[in-house]
Amino acid sequence: MNPLLLTDGYKVDHRRQYPNGTTLVYSNWTPRKSRLEGVNEIVLFGLQYFIKKYILEDFETYFFKQPKEKVVAEYRRRINNYLGENQVGTAHIEALHDLGYIPMVIKALPEGASVPVRVPMFTMYNTLPEFFWLTNYFETLVSAVVWQPCTSATVARQYRKILDKYAAQTSSVPEFVDWQCHDFSMRGMGGIDAAFTSASAHLLSFTGTDTVPSIDFLEKYYNANSDKELVGGSVAATEHSVMCMGTLDDELGTFKRLITEVYPKGIVSIVSDTWDLWKVLTEYLPKLKTEIATRDGKVVIRPDSGDPVDIICGNPNGKNENEKKGVVELLWDVFGGRVNDKGFKELIPQIGAIYGDSITLERATQICERLKIKGFASTNVVFGVGSYTYQYNTRDTFGFAMKATYGEVNSVGREIFKDPITDDGTKKSAKGLMCVVAENGSYVLKDQVTWEIEKTGELKEVFRDGKLLVDMSLSEIRARVKQSTK
């Protein structure tokens, strides 16, 4: 698809709406507010993908390498059919094709950086005066591509903070947190692109994923190498169709076959609430105790129906003793374990639990807290985090917007800004050229600066005139995210 058509319709004629003599438009990408309580810094992720995939790959393949007549005819046909009689024209499209590259500078903070609300993550401006129209023409595409990985990376980091906190308080294996949030989101996301960009953002804070293409994504766009590093991994796991095919009458036989024949060693996760979770925990597992406790590997019990907090931790108001105890305590009753040096119970290494439905930051916190109150380590359970976490967000979760704050008309600079009188302040923009500086371990915006000052600070050129200047790796981005969780 011609990438110049990946825009909002109102963008196509802004070129003629700018004042005559306009030669430069300077814009920024900024998270303007947070709708998540306690989250005031946002993780930058996805810009390198945007540059590699869209500016370099797609423009090269579907625009610059196509015959000029073809791409111009495509553009003319679409705009004329879309707008009817118009004066948009195609001379500017022909000129860009003749140029052969995107004449733009992108300056950014490093990916994985923790950026305070209202501080720009990156800026963009044109390098040739006749292409002033191109800067904000990119707004739609930038926004559509970048907001979700930034948002998912930030949410994943918040999970990591919660789980690190409780593991430090209650567990002897805090390193297990790497695997404690497992991405189950792919089937519920808004398309495949959303699925692998979001899942890749999850992998900045964790290593568990069922979204296989996220690994390919990180290898292709973020210099990962699954032969040399753990990019993402998973374990053998069943689904309800497997358990149903084994029949209700022989559910015990299905468990035994999976544990002793199909997977005699290693980790296997078995969905356990196809019919009666409590029967599995109190009848089947005691009968398989020897096979499980002497097995070389872990059997993971997976319920995913009901209230996650009550299922895992127990409900004091439950209808029976099993509901009152919950999964973790019932597993302890069967298999036992040890009390670690922090005074909390840890199940034997051969048994564990995962809950993979409707997990949220609040529910993860509640589960860890209630396990702690009951005397259990938080690492007795894994969380399957899915689209209920990652798709229930929008661009407005962190108020992302790309806005122009500076321009030049007839070579004279103009500081521009917006400040709607009817708004609560969220949409008030910065003004003029920008410089982001590091102060006291955080990023601070300085606006209305000169070009000399704009060239300093923490925003570094990552792209200029068709060339990627900085090519970051997954490992360095992960290290940056990890540092910000402390």
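**Exercise 1.** Find which helix gives the most to the lining of the largest cavity, and describe that lining by class.

*Solution.*
Step 1. Helix 2 (residues 47-64) gives the most to this lining, with three residues. Helices here are DSSP runs of H or I with at least four residues, numbered from the N terminus.

Step 2. A cavity is a set of points on a 1 Å grid over the protein atoms alone where a 1.4 Å probe fits but cannot get out, and lining residues have an atom within 4 Å of a point. The largest cavity is lined by L47, Q48, I51, A108, L109, E111, V462, L468, V470 and M472.

Step 3. Ala, Val, Leu, Ile, Met, Phe, Trp, Tyr, Cys and Pro count as nonpolar, Asp, Glu, Lys and Arg as charged, and the others, Gly among them, as polar. The lining then has eight nonpolar, one polar and one charged residues.

Step 4. The space in the largest cavity is about 60 Å³, where a volume is the space filled by probe spheres set on the points.

The model is predicted: local features need pLDDT of at least 70, side-chain atom pairs count only at pLDDT 80 or more, and totals for chains, interfaces and linings use all residues. Residues are numbered from 1 along each chain as its sequence is written, and side-chain values use heavy atoms, with hydrogens and water left out.

**Exercise 2.** State which residues line the second largest cavity and how they divide by class.

*Solution.*
Step 1. The lining is made of P3, L4, L6, F59, L134, Y137, F138 and L141.

Step 2. Eight of these residues are nonpolar, with no polar and no charged residues. About 50 Å³ of space lies inside.

**Exercise 3.** Classify the ring pair of F59 and F64, then that of F196 and F217.

*Solution.*
Step 1. Rings of Phe, Tyr and Trp (its six-membered ring) pair if their centres lie within 6.5 Å; planes under 30 degrees apart count as stacked, over 60 as edge-to-face and the rest as tilted. The structure holds 27 aromatic pairs.

Step 2. The centres of F59 and F64 are 6.1 Å apart and the planes stand at 35 degrees, so this pair is tilted. Both F59 and F64 are buried (under 20% relative accessible area, 1.4 Å probe, protein chains only).

Step 3. For F196 and F217 the centres are 5.5 Å apart and the planes are at 35 degrees, so this pair is tilted. F196 lies in helix 7 (residues 192-202) and F217 in helix 8 (residues 213-221), so the pair ties together parts that are 21 residues apart in sequence. F196 and F217 are buried.

Conventions:
Buried < 20%, exposed > 50% of the residue type's maximum accessible area, 1.4 Å probe, protein only. Helix = DSSP H or I, 4+ residues; strand = E, 2+ residues; numbered from the N terminus. 1 Å grid on protein atoms, 1.4 Å probe; cavity = no way out; pocket = protein on both sides within 12 Å on 5 of 7 lines; lining within 4 Å.
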